[in-house]
Amino acid sequence: MVDIEKAKNLSKKALLSVVSDQQDIIADQANRISTLETQMSAINEQLNWLTELQNLYNRSQFGSKSEVTVIPEQLSIFDFDSDMETIQPKEDGEVKKTETVTYQRKVKKNTGKDIRDLPTTTVLHDLEDKTCPACGGKLRKISENITHRELIHHKESFEVVVHVQPVYTCDKCYATWKKTSGYYTPAPFFKAEVPEAIIPKSYASPSILSEIINNKFNKALPLYRQEMAYEQLGIKLSRQTMSKWLIKLYDMYFIKIQEYMHRKLLKCEYIQADESTIQVLHVPDKSPTSKTYMWVYVTGRSEKEQFVIYKYEPGRNYEYAINYLKGFKGILETDGYGAYDNIEGLSIHAGCWAHTRRKFHEAYEALGSGADKTTTASFKLETIINKLFKIEDEMNKADYDYNKILETRKEKSSKIVDEFFNEVQEVNNRAVKGTHLYKAIQYSINQEAKLRKFLEDGRIELSTNRVENKVRPFTIGRKNYLFFNTVDGAEAGGAIYSILESAKMNKLLTYDYMEYLLEQLTVIDIDDETQLEGIMPWSKELPKELYISQK
């Protein structure tokens, strides 16, 4: 007989074996599914990253831009001496060799007018007292000196002013001198003082120089276009002449003004800094295609004296920031560029929330139009930052009281900052490397200490928009300007922008202030800081008519 119990036991074992085998198969299938899901997730992440890049590219090419950023390859308008000559660079950066070819051609008819053909006004610088200071005799005019001519700009017309200086002698003294002294000592001559020309041995005047500067640096009008405009008015004024005038102004005056502004900057309590690329063709030990930089330093809103300095440097290394800000002990606010971290002696180094928000905005825009952006981490983090700006905007509507601003920040903004960085840490655990969101998260983490600094001092602004707005003027004209020719031109351009943009910060009319400044520079002792202070853009001694009307 068959052992029923034994058969039952064998059936149970077989059944358990089958079940176990099935469980192993199911587990193996689950592992395979999990592996496939992981691979699919990685593929989707790569696809999302490539989609971000494509969306950002399309937006940069065809879309509108709500944030204006500094483009590394931006063109510069610091180039007034580039109108004089150009060179052709090879691909390897070396200058092409050229040969001179001579040929004959007909002489073109000169259609321009010389300045001597323009309406002329004579200004007589005469002596008021025409009696001899030695003997009391009457002076007799023996000649006249034309000391110099000036091309005067009247905004809509031109004229030439001829400065004439009568020369006098005393016949009585002359006769005595002739008998007793012979011809070995000077004869007694007398003449009135004549104002110095702004540029010796030239017909440049403060008015025409102000017009050239205002057109070039305020209206982004290149010198070659100005040359054509003057030609239409019947004036022969070449770009080479204008370029030489501007560089001469820098050598004689503007360099000293910029150096004085630098000394003032080092004494400030709060400044912002930024930098932007420019191209200079003739830089020692550099190819014509090399990048050089204009470093921009602007005083904070809390500073009594408002001004900005544009300083040309051949590179972007940290040594340039260290050397220029050596001795500065106040608050410095930057966009996170590491060069400024090496400056010693700063009381506070603050970061920029606008740059932080911009990075999340780029991540948000990179998602494309098909995604639900409002549910993304980038949208949430950008929204949190916007709360900080809203608080600042509400406070800025009232008079600045930096103690009250600090109190409000500690009461309201500090909670929002904590919320932001808590969310940043949470998102960092799942952000995919290489994506714009990941880069924005890493920037925020690295800059956290600097971004929190505005909670320590009410004077610190939430962003570096103040200095970015001062970088913008020389990027506006980038379609009109390509480079400047020499380092001298770049340095002169920086000095001129320092004066013009500082004038704007103090609500001055740029043309009128520049004309006034140039007029005063021939009268004062520019090496006397007390006299120089009286004509600076922030001076309270400036004539009222130089200011923009507040009506």
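Hi everyone, let me start with one crossing: α7 and α10 cross in a left-handed way, meaning that the near helix is turned anticlockwise from the far one by less than a right angle, while clockwise would be right-handed. This is a predicted model, so local features need pLDDT of at least 70 and side-chain atom pairs count only at pLDDT 80 or more, whereas totals for chains, interfaces and linings use all residues. Residues are numbered from 1 along each chain as its sequence is written, and side-chain values use heavy atoms, with hydrogens and water left out.

Now the overall picture. The chain has 16 helices and ten strands; these are DSSP runs numbered from the N terminus, with helices being H or I of at least four residues and strands being E of at least two. There are 551 residues, and 46% of them count as buried. Buried here is under 20% relative accessible area, exposed is over 50%, and partly exposed lies in between, using a 1.4 Å probe and protein chains only. Take the contacts with a separation of 6 or more: residues 24 or more positions apart account for 70% of them. A contact is heavy atoms within 4.5 Å.

Back to that opening pair. Helix α7 covers residues 353-365 and helix α10 covers residues 436-446; their axes come within 8 Å and cross at roughly 165°. That makes the two helices, α7 and α10, roughly antiparallel. For the angle words, under 35 degrees is roughly parallel, over 145 roughly antiparallel, 65 to 115 roughly perpendicular, and the rest oblique. The axes themselves are lines fitted to C-alpha atoms, for helices over the stretch in contact, with angles from 0 to 180 degrees between N-to-C directions.

Who meets whom there? On the α7 side we have His 355, Thr 356, Lys 359, Phe 360 and Ala 363, and on the α10 side His 436, Leu 437, Ala 440, Ile 441, Tyr 443 and Ser 444. By type, the residues of this contact of α7 with α10 are six nonpolar, four polar and one charged. In that count, Ala, Val, Leu, Ile, Met, Phe, Trp, Tyr, Cys and Pro are nonpolar, Asp, Glu, Lys and Arg are charged, and the others, Gly among them, are polar.

Next, α14. This helix runs over residues 487-505, and its 19 residues reach 27 Å from the first C-alpha to the last, close to the 27 Å expected at 1.5 Å a residue. The expected span is 1.5 Å times one less than the number of residues. How enclosed is α14 by the rest of the structure? Largely so, because 16 of its 19 residues are buried.

Two of its neighbours are worth a look. The axes of α3 and α14 come within 11 Å and cross at roughly 90°, so these two are roughly perpendicular to each other. In that contact, Ile 213, Phe 217 and Asn 218 of α3 meet Gly 493, Ile 496, Tyr 497, Leu 500 and Lys 504 of α14. Those residues split into five nonpolar, two polar and one charged.

With α15, the axis of α14 comes within 10 Å and crosses at roughly 120°, which makes α14 oblique to α15. The crossing is right-handed. From α14, the contact uses Ile 499, Leu 500, Ala 503 and Lys 504, and from α15, Thr 510, Tyr 513, Met 514 and Leu 517. Here the division is six nonpolar, one polar and one charged.

Ala 220 is in the loop between α3 and α4, and at 13% relative accessibility it counts as buried.

Leu 237 is buried at 3% relative accessible area. Leaving out residues up to four places away in sequence, Leu 237 touches Tyr 203, Ile 208, Ile 212, Glu 227, Tyr 230, Met 242 and Trp 245.

And finally Pro 543, in the segment after α16. Pro 543 is partly exposed, at 22% relative accessibility, and its C-alpha is 9.4 Å from that of Tyr 513, 30 residues apart along the chain. Thanks, everyone!
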